Amino acid sequence: MRILVIEDNATNRYLATFLLEHAGHEILQATSGPEGIRMAIQSQPDLILLDIQLPVMDGYAVARALREDPATSRVPIVGVTSFAMVGDRERVLASGCEGYIEKPIDPHTFVRTVEQYLGAEPNQPGSQP
Ligand code: MN
């Protein structure tokens, strides 16, 4: 499957790409929200892995923009975040992501977790309880 990784941190981008390519997926990379949105519209990935802590335009805003654009509104999004405070998971899901992965990335479970969301039905912003 084709997976778009939107991540500003080179180490995390490399690790996610390495693990997913090893599992046979085609990976596209973006280092900022606006670049990621542009690439998502152009390349129609099967899934988007979205870092939440991005400069300028954070992952919540990116997820909302992807959900609002008809070209990307049905692509599953998995948010990746490093601070797991109470309410973070809910906030990620409320922004339109289908799923949520905590950093640091666990190499033993990462691919399996991401693959669970391939083909997932799109979540709508604000639809989570
Ligand atoms: Mn980041």
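Which residue forms a salt bridge with Lys103? In this predicted model, the partner of Lys103 is Glu7, and the closest N and O atoms of the two residues are 3.1 Å apart. The pair links distant parts of the chain, since Glu7 sits in the loop between strand 1 and helix 1, whereas Lys103 sits in the loop between strand 5 (99–102) and helix 5 (110–115), 96 residues apart.

**The manganese site**

- The manganese ion is coordinated by Asp8 and Asp51 through their OD atoms and by Gln53 through its O atom, at 2.1 to 2.2 Å.
- Read along the sequence, the donor residues of the manganese ion follow the spacing D-x42-D-x1-Q.
- Asp8 belongs to the loop between strand 1 (2–6) and helix 1 (10–22), while Asp51 belongs to strand 3 (residues 47–51), so this pair ties together parts of the chain that are 43 residues apart in sequence.

**Salt bridges**

- The structure holds four salt bridges, and the general idea behind such pairs is that side chains of opposite charge can pair when their charged atoms come close.
- In the bridge between Glu7 and Lys103, Glu7 counts as buried because its relative accessibility is 5%, which is under 20%.
- Lys103 also counts as buried, because its relative accessibility of 15% is under 20%.
- Arg2 forms a salt bridge with Glu26, and here the closest N and O atoms are 3.5 Å apart.
- Arg2 lies in strand 1 and Glu26 in strand 2 (residues 26–30), so the bridge ties together parts that are 24 residues apart in sequence.
- Arg2 is partly exposed at 29% relative accessibility, and Glu26 is likewise partly exposed, with a relative accessible area of 41%.
- The side chains of Glu98 and Arg67 meet in another salt bridge, with a distance of 2.9 Å from N to O.
- Glu98 is placed in the loop between helix 4 (88–94) and strand 5, and Arg67 in helix 3 (residues 59–68), so this pair ties together parts that are 31 residues apart in sequence.
- Both Glu98 and Arg67 are buried.
- Salt bridges that share partners join Glu7, Asp51 and Lys103 into one network, and Asp51 is also one of the residues that coordinate the manganese ion.

**Packing of helix 2 and helix 3**

- Helix 2 (residues 33–43) and helix 3 pack at an angle of about 25°, and their axes are 10 Å apart.
- This angle makes helix 2 roughly parallel to helix 3, because angles under 35 degrees are counted in that way.
- The crossing in which helix 2 passes helix 3 is right-handed.
- Which residues meet where helix 2 and helix 3 come together? Gly33, Ile37 and Ala40 in helix 2 meet Val62, Ala65 and Leu66 in helix 3.

**Backbone details in the loops**

- The peptide bond that runs from Lys103 to Pro104 is cis, with omega near 0°, and Pro104 is found in the loop between strand 5 and helix 5.
- Gln44 has a positive phi of about 45° although it is not a glycine, and Gln44 lies in the loop between helix 2 and strand 3.
- With a relative accessible area of 40%, Gln44 is partly exposed.
- Val56, which is not a glycine either, has a positive phi of about 65°, and its place is in the loop between strand 3 and helix 3.
- Val56 is exposed, because its relative accessible area of 90% is over 50%.
- Ser32 has its place in the loop between strand 2 and helix 2, where Ser32 counts as partly exposed at 23% relative accessibility.
- The C-alpha atoms of Ser32 and Met57 are separated by 7.6 Å, although these residues are 25 residues apart along the chain.

Methods. Residues are numbered from 1 along each chain as its sequence is written. This is a predicted model: local features need pLDDT of at least 70, side-chain atom pairs count only at pLDDT 80 or more; totals for chains, interfaces and linings use all residues. Side-chain values use heavy atoms; hydrogens and water are left out. Donors are N, O and S atoms within 2.8 Å of the metal (3.2 Å for Na, K and Ca); water is not among the atoms, so sites may look incomplete. Helices (H or I, at least four residues) and strands (E, at least two) are DSSP runs, numbered from the N terminus. Buried means under 20% relative accessible area, exposed over 50%, partly exposed in between (1.4 Å probe, protein chains only). Axes are lines fitted to C-alpha atoms, for helices over the stretch in contact, and angles run from 0 to 180 degrees between N-to-C directions. Angles under 35 degrees count as roughly parallel, over 145 as roughly antiparallel, 65 to 115 as roughly perpendicular and the rest as oblique. A crossing is left-handed if the near helix is turned anticlockwise from the far one by less than a right angle, and right-handed if clockwise. Contact means heavy atoms within 4.5 Å.
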